[in-house]
Amino acid sequence: MYEALSYEALTAANQAVFGRSELPTYRIDEADLLISLGADFLETWLSNVEYARRFARFHEPGSETRNLFVYAGARRSMTAANADHYLDVAPGREYLAGLAVLKIALEDQVNTLSEEERRRLTGLAAPFELRSLAGQSGVPIEELRRVAQRFAAARRPLVLAGGNTLLMPNAEAAARVAALLCSLKKESREMVDFGQPHALGQAASAARMHALTDRLRSGEIGLLLIYDVNPVFTLPGAW
């Protein structure tokens with residue numbers, strides 16, 4: 001199966017963090033804090049009609065405490081416009097803002113990880129200096145600390161990432177940071193539902209499509225059947 005706008009970075013990140021090379025269903029409606037690293041779920045991200053419904057339940061007025069939605073990105077998208085707090089991040093630097101939140105959360109021991117896993121993640125984040133992350137992302141360090149404090153206080157925080165390498169520089173880095181943040185709390189891990197995988201998770205990777213074009217060029221394939229896709233239009237011209 002081929003899809004030009006697949007989410008290969010998300011599946012790669014989920015494989016690295018959760019051991020599942022799949023696109024799960026994200027239970028936005030069950031979260032009490034939502035952070036998006038460039039995931040425009042009210043527009044074209046994965047299943048936007050489904051996630052618009054889930055977001056409406058997440059943001060439903062009238063509850064005693066209003067759930068907070070934080071968006072980090074370089075564009076004031078429709079999703080960003082619906083955020084309670086917008087972090088204006090330089091293009092491709094969303095992962096740095098997320099990494100700063102992760103580093104603060106680990107320092108504050110906001111997790112339900114084993115001691116061994118916490119030490120491993122702390123070691124991964126150790127080379128990154130907080131002030132440098134703030135400077136490179138373009139987000140003031142005080143804002144990053146406030147987001148991290150809300151993450152710490154939330155019982156069921158959920159972090160999403162765009163995950164589309166064609167539309168977002170450093171998409172896999174952002175996806176890995178989002179998955180790592182979701183791994184810190186048991187309740188967050190439960191909202192990443194691999195029991196209801198998205199069909200796009202089965203799409204062929206860019207590497208497999210590139211290999212296919214090489215096989216076509218070499219004459220290895222004598223007959224190619226194409227159904228309901230347009231690879232000549234959507235693949236790079238050099239292929």
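Mentor: Two strands count as paired if DSSP finds at least two bridges between them. Strands (E, at least two residues) and helices (H or I, at least four residues) are DSSP runs, numbered from the N terminus. The model is predicted, so that local features need pLDDT of at least 70 and side-chain atom pairs count only at pLDDT 80 or more, while totals for chains, interfaces and linings use all residues. Residues are numbered from 1 along each chain as its sequence is written, and side-chain values use heavy atoms, leaving out hydrogens and water.

Trainee: Which residue in β3 stands opposite S36?

Mentor: Strand β2 covers residues 33-37. Five bridges join β2 to strand β3 (residues 68-73), and the two run parallel. In β3, the residue opposite S36 is Y71.

Trainee: Which residue of β5 stands opposite S36?

Mentor: β2 also pairs with strand β5 (residues 157-161), in the parallel sense and over five bridges. The β5 residue opposite S36 is L160.

Trainee: How many residues of strand β2 are buried?

Mentor: A residue is buried at under 20% relative accessible area, exposed at over 50%, and partly exposed in between (1.4 Å probe, protein chains only). In a regular strand the side chains alternate between the two faces of the sheet. In β2, L33, I35 and L37 lie on one side and L34 and S36 on the other, and both faces are covered. The number of buried residues in β2 is five of five.

Trainee: With which residue does R54 form a salt bridge?

Mentor: Side chains of opposite charge can pair when their charged atoms come close. A salt bridge requires a side-chain nitrogen of Lys or Arg within 4 Å of a carboxyl oxygen of Asp or Glu. For R54, the closest N and O atoms of the pair are 2.7 Å apart, and the partner is D29.

Trainee: How many residues apart are R54 and D29?

Mentor: The salt bridge of R54 and D29 has its closest N and O atoms 2.7 Å apart. R54 lies in helix α2 (residues 48-58) and D29 in the loop between β1 (25-26) and β2, so the pair links distant parts of the chain, and the separation is 25 residues.

Trainee: Is R54 buried or exposed?

Mentor: Contact means heavy atoms within 4.5 Å. Not counting residues up to four places away in sequence, R54 touches T25, Y26, R27, I28 and D29. Because its relative accessible area is 12%, R54 counts as buried.

Trainee: How many residues apart in sequence are E43 and R75?

Mentor: The side chains of E43 and R75 meet in a salt bridge of 3.3 Å, N to O. E43 lies in the loop between β2 and α2, and R75 in the loop between β3 and α3 (78-81), so the pair ties together parts whose separation in sequence is 32 residues.

Trainee: How many salt bridges are there?

Mentor: One of them joins E30 and R27, with the closest N and O atoms 3.6 Å apart. Because its relative accessibility is 33%, E30 counts as partly exposed. By the rule for salt bridges, the count is 14.

Trainee: Which residues have the most contacts inside the largest nonpolar core?

Mentor: A nonpolar core is a set of buried Ala, Val, Leu, Ile, Met, Phe, Trp, Tyr and Cys residues joined through side-chain atoms within 4.5 Å. The largest such core has 70 residues, and those with the most contacts inside it are F41, W45 and L158.

Trainee: Which helix gives the most to this core?

Mentor: The largest nonpolar core has 70 residues. Nine of these residues come from the helix that gives the most, which is α4.
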